[in-house]
Amino acid sequence: GKRYDALVQSEPGNDGDSKMKEENYDHVGFGHLEALGGASASLGLISTLVFSLCISNIRATSIVDEPVTMCFLCLAGTLSVYTTCYSLLEYYYVQMFVGVERYLQGRVDGDGNHKLQDRINIVREAR
């Protein structure tokens with residue numbers, strides 16, 4: 001089948017002539033994404049806690065008396081909201097891809113090779 005371009009990693013100890021392309025291999029399943037999602041699930045919780053601390057400290061801080069502190073609190077709050085949104089979207093997209101892959105895996109009729117090729121194609125397009 002047609003291979004697609006992706007990141008190329010140099011092997012350690014070489015001057016860059018010898019390259020290994022992971023994308024030359026077909027992959028089936030999104031199990032590796034579920035593990036990453038579980039590992040980063042705490043990011044949403046931590047960033048929500050940071051945001052709540054920022055909001056409570058912003059209410060207690062005067063911008064006239066402590067402008068630098070207020071600037072850092074606003075920056076921390078903004079970055080924590082970004083991290084929370086990123087974590088939620090990452091979870092949503094991982095669950096969406098896992099659901100599609102399980103849907104393809106659960107096909108009853110049709111050729112087994114065609115089903116496997118469809119699963120390979122969905123992983124390839126998601127990467």
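This is a predicted model: local features need pLDDT of at least 70, side-chain atom pairs count only at pLDDT 80 or more; totals for chains, interfaces and linings use all residues.
**A walk around helix α2**

Hi everyone. Over the chain, pLDDT averages 75, and 66% of the residues score at least 70. Please take care with residues 1–19, where pLDDT stays under 50. For that stretch the model has 18 contacts beyond four places in sequence.

Let's turn to α2 itself. From first C-alpha to last, its 20 residues reach 30 Å, close to the 28 Å expected at 1.5 Å a residue.

Which residues of α2 are buried? They are Gly44, Ser47 and Cys54. Looking down the axis of α2, you would find these buried residues within an arc of 90°, so they line one face of the helix. As a reminder, an α-helix has 3.6 residues a turn, so residues three or four places apart point the same way. And what covers the buried residues of α2? The cover includes α3, residues 67–105. On the face turned away from the buried side, α2 carries the exposed residues Leu45, Leu53, Arg59 and Ala60.

The structure holds two aromatic pairs. One of them joins Tyr92 and Tyr93 edge-to-face, with 5.3 Å centre to centre and 65° between the planes. Tyr92 is partly exposed, at a relative accessible area of 48%. Tyr93 also counts as partly exposed, with 41% relative accessibility.

Terms used. Residues are numbered from 1 along each chain as its sequence is written. Side-chain values use heavy atoms; hydrogens and water are left out. pLDDT is the predictor's confidence in each residue, from 0 to 100. Contact means heavy atoms within 4.5 Å. Helices (H or I, at least four residues) and strands (E, at least two) are DSSP runs, numbered from the N terminus. The expected span of a helix is 1.5 Å times one less than its number of residues. Buried means under 20% relative accessible area, exposed over 50%, partly exposed in between (1.4 Å probe, protein chains only). The arc is that of the directions from the helix axis to the C-beta atoms. Rings of Phe, Tyr and Trp (its six-membered ring) pair if their centres lie within 6.5 Å; planes under 30 degrees apart count as stacked, over 60 as edge-to-face and the rest as tilted.
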